[in-house]
Amino acid sequence: MIAAQPCHQAGLAAIDGVDLAALPEAMRGLDDAATDTMAATLRRAGLFRPGVSHRPEQVLQRLRVAERHRWIVRGWLRALIGHGKLRASDDGTVLRDLAPAPAHPAPLAELCARLGYPAEVSGFFDATAARLPELLRDEVTLQSVLFGTDSTATADGVYRENVINGYLNAALVEVLRAASPATPRVLELGAGVGATAIPVLSGLTGDLDYLFTDVSRYFLDTAKKILAHDDRVRFGELDINDPGTHSVEPESYDAVIAANVLHNAVDVRAVLETARSWLRPGGLLLVVESCGELLQAAVSMQFLMSPAAGRPAAGSADLRVGSDRIFLTRDEWLGEFRHAGLRPLLDLPRREHPLSTLGQSLLAATPSEPGALS
């Protein structure tokens, strides 16, 4: 059994000195900045002049949105309506009355700093906002903005060097430290820039067999350079939507880590079932995920989540189908764990804690007893 309190305390120790009470207000400010960016992009395209209404399809056409990114703009329209910055007819088919530009825009750099993000992240958000029309038309890729200097500094800031990920990574390490055998075998899916692998490998100083996998050769090659000094790490190419891309023996790992990757699953439940099959009895699935729509991601990182040509969209074969959603809620994740034969063990930060307003969670589960599928 995993004790939640020591894991929570380990997470808090990693962000000691942060004004936790101020985090919800900073997150609301970041949401406001994101909806202001959405509205500004619509205004730049000449949409929603005073007295002029549009149907959602007309908005997509005016912006010349690439087919694979249309779900993003439909999400923008929902967010603007939900935040009172755009009005919709009762049946949602006609939109009008876009709010005017704010007299005093939200101080993006200050808000990011309060949430622990380095300056590279607010700079990335500004650069992305300036190029949204081109990104929507697929004339520019987000990868070129995120990795334009062939540096992972911005991605590190998004996924590791900030308040919520500092907390979650430390809590995850404590889970592994408390529950793993003397020489644990760990498989990480979608390991990316090493934002989770680096703190795990630093926090677990003993013997360890760590398989770092990703679908991207760029991330694998980069990680090999960063982690070249650590002979406990192996590397492999693995696509979560095509587990046959790497040979993983059933019941061969003590822990499977999936940090900020499972939302890219075409069928979440199928991926969870595969991950469960790789776990030894009593093993742990450790998931770090955004558990709700993050509005700043909707004008930046979500462009990475649009399907490539000829590939199915994330969520197109699971409970998200037809919803234009990328992220599951906490309760949906817990429900999908159970359906996939996994028993939830841990859900941090607690829902009443200020950190929960930052929208990301650490969820842990273990294979259920045979016959316990719900």
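Author: There are zero disulfides in the structure, a disulfide being a pair of cysteine sulfur atoms within 2.5 Å. Bear in mind that this is a predicted model, where local features need pLDDT of at least 70, side-chain atom pairs count only at pLDDT 80 or more, and totals for chains, interfaces and linings use all residues. Residues are numbered from 1 along each chain as its sequence is written, and side-chain values use heavy atoms, with hydrogens and water left out.

Take Cys 7: its nearest cysteine sulfur belongs to Cys 291 and is 17 Å away, and Cys 7 is in no disulfide. Cys 7 is also buried, because its relative accessible area is 2% (buried means under 20%, exposed over 50%, partly exposed in between, with a 1.4 Å probe and protein chains only). Cys 112 comes out as buried too, at 1%.

So what does Cys 7 pack against? Helix H1 covers residues 4-14, and its axis comes within 7 Å of the axis of helix H10 (residues 163-179), the two crossing at roughly 140°. Helices (H or I, at least four residues) and strands (E, at least two) are DSSP runs, numbered from the N terminus; axes are lines fitted to C-alpha atoms, for helices over the stretch in contact, and angles run from 0 to 180 degrees between N-to-C directions. That angle makes H1 oblique to H10, since under 35 degrees counts as roughly parallel, over 145 as roughly antiparallel, 65 to 115 as roughly perpendicular and the rest as oblique. The H1/H10 crossing is right-handed, meaning the near helix is turned clockwise from the far one by less than a right angle. On the H1 side, Pro 6, Cys 7, His 8, Ala 10, Gly 11, Leu 12 and Ala 14 make the contact, and they meet Gly 166, Tyr 167, Ala 170, Ala 171, Glu 174 and Val 175 of H10 (contact means heavy atoms within 4.5 Å). Sorted by class, that H1–H10 contact has nine nonpolar, three polar and one charged residues; Ala, Val, Leu, Ile, Met, Phe, Trp, Tyr, Cys and Pro count as nonpolar, Asp, Glu, Lys and Arg as charged, and the others, Gly among them, as polar.

Now for another helix pair. H13 (residues 268-277) and H15 (residues 330-339) have axes 9 Å apart and pack at about 55°, which makes H13 oblique to H15. H13 passes H15 in a right-handed crossing.

Moving on to the strands, Leu 345 sits in E8 (residues 342-348). Leaving aside residues up to four places away in sequence, Leu 345 touches Ile 2, Leu 284, Ala 364, Ala 365 and Thr 366. Of these, Ala 364 is 19 residues from Leu 345 in sequence, with the C-alpha atoms 5.4 Å apart. The peptide bond from Leu 348 to Pro 349 is cis, with omega near -5°, and Pro 349 is in the loop between E8 and strand E9 (360-367).

Asp 138, in the loop between H7 (132-136) and H8 (142-146), has a positive phi of about 65° without being a glycine; Asp 138 is partly exposed at 31%. Glu 251, in the loop between E5 (233-237) and E6 (253-259), also isn't glycine, and its phi is positive, near 50°.
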